Amino acid sequence: MTATPLLTALTARAKAKAHPSSPQPQPHPHPHPHPYPCSCPAGTLTDRPDATVVRHADTVAKAHAPTTTPTDLTPRLATATHHPDLLLPPLTPTPVPLNDRLVTFWPYGTPVDPDDPDAAPWEEAATLLARLHHAPVPTPGLPPMRGPAKAAQAVARLQAAGPHPATAPVLRAWSTLPAWARAAAPMPDTTTLCHGDLHLGQLVRHPAPDGPWRLIDVDDLGVGVPAWDLARPAAWYACGLLPPDEWTRFLDAYRTAAGPAVPADGDPWPALDVPARALTVQTAARAVTKALTEGRPLDEVEQSLVDACARMGSVPPQLPSSSAK
């Protein structure tokens with residue numbers, strides 16, 4: 001991977017944050033490219049247009065999306081600080097500017113092992129979500145949860161990407177959703193604290209390597225419909241991408257922890273159907289856009305998402321009796 005100016009600067013910031021008392025390098029008549037070698041574990045964890053994340057020792061530095069504002073990010077950081085038993089708290093309470101991006105610093109946590117699906121912490125994720133959904137919103141000005149807005153962005157990118165046979169069924173499925181799920185109206189719940197982008201990559205053990213699980217990534221944190229946080233595993237299950245036993249483990253653990261997003265017993269789908277459909281559309285839109293960009297056909301998983309959208313377009317979504325249309 002070629003180092004960009006942002007990646008180079010972020011890596012230096014992470015190292016400085018990890019070693020705040022280290023002496024600063026002094027000018028040398030014959031500088032060595034690495035005059036102060038460091039044996040700490042370090043590396044790039046993520047480098048995407050919307051997020052660049054690097055690690056140095058026990059410190060992680062994240063450059064947030066270019067559109068991120070201090071007004072939105074600062075209360076999200078404050079919420080994580082207020083709930084350290086649920087969310088990994090930042091090392092500093094406010095973001096700092098770097099190369100026209102906002103940067104935050106975090107303790108390193110051990111992520112979920114993608115090569116050990118049997119050890120996936122479905123129960124722990126569900127329990128953390130249930131507790132988060134019952135937690136008070138501690139920060140004035142906490143923005144809405146960004147789930148619907150991100151789904152709408154994915155659909156807009158698909159529409160701008162050019163013609164593709166899969167675009168029509170994805171857009172038909174999108175058009176059947178209520179306005180709030182398309183970010184075209186306020187969400188019907190404006191008081192429940194939500195993560196906004198739950199998947200297994202959003203959990204780490206802290207302290208590393210085997211501390212308790214914590215939720216990470218506050219970029220989408222906010223108030224909204226708690227069922228959205230269950231929507232990605234629900235969508236994977238509905239599309240046949242998540243085994244039924246793993247979905248059952250997740251749902252049962254959420255209910256055992258008295259999570260408010262679904263009824264305590266009986267059919268959970270009236271509460272989950274709209275968010276699960278929205279996440280299916282979002283994921284399908286991203287898949288088709290990526291295939292168009294790369295000039296290749298859809299793979300088997302991507303086609304299964306488009307097929308799910310085609311089915312959804314012919315069947316109206318289920319709506320809980322209290323839902324806003």
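Predicted model: local features only at pLDDT ≥ 70, side-chain atom pairs only at ≥ 80, totals over all residues.

User: What makes β3 and β5 a pair of strands?

Analyst: Strands are DSSP runs of E with at least two residues, helices are runs of H or I with at least four, and both are numbered from the N terminus. Two strands pair if DSSP finds at least two bridges between them. β3 and β5 (residues 101-107) have five bridges, so they pass, and they run antiparallel.

User: And what sits next to β3 on the hairpin side?

Analyst: That's β2 (residues 51-56), antiparallel to β3 and joined to it by five bridges. One of the bridge pairs is Arg55 with Val60. Two residues separate the strands of this hairpin, and Ala57 in the turn has a positive phi of about 55°.

User: How do you know that β3 is mostly covered?

Analyst: Buried means under 20% relative accessible area, exposed means over 50%, and partly exposed is in between (1.4 Å probe, protein chains only). In β3 (residues 59-63), five of its five residues are buried. Thr59, Ala61 and Ala63 point one way, with Val60 and Lys62 pointing the other way.

User: Why is the charged end of Arg55 said to sit over a ring?

Analyst: The rule wants NZ of Lys or CZ of Arg within 6 Å of the ring centre and within 35 degrees of the ring normal. Arg55 sits over the ring of Tyr108, 3.6 Å from its centre. Lys17 does likewise over Phe105, at 5.4 Å.

User: Why is the Tyr237 and Trp247 pair called stacked?

Analyst: Rings of Phe, Tyr and Trp (its six-membered ring) pair if their centres lie within 6.5 Å; planes under 30 degrees apart are stacked, over 60 edge-to-face, the rest tilted. By this rule there are six aromatic pairs. Tyr237 and Trp247 are 5.6 Å centre to centre with 15° between the planes, so the pair is stacked. Tyr237 is in helix α6 and Trp247 in helix α7 (residues 244-256), so the pair ties together parts 10 residues apart in sequence.

User: What makes Trp247 and Trp269 edge-to-face?

Analyst: Their centres are 6.3 Å apart and their planes at 80°, so edge-to-face it is. This pair links helix α7 to helix α8, 22 residues apart. Trp247 is buried at 5% relative accessibility, Trp269 is buried at 18%, and Tyr237, at 34%, is partly exposed. Ring pairs link Trp122, Tyr237, Trp247, Phe250 and Trp269 into a cluster.

User: Which helices supply at least two residues each to the lining of the largest cavity?

Analyst: α4 (147-161), α6 (228-238) and α8 (269-294) do, with α6 giving the largest share, three residues. Among the lining residues are Lys150, Asp197, Trp228 and Gln282.

How values were computed: Residues numbered from 1 in each chain as written. Heavy atoms only, no water. 1 Å grid on protein atoms, 1.4 Å probe; cavity = no way out; pocket = protein on both sides within 12 Å on 5 of 7 lines; lining within 4 Å.
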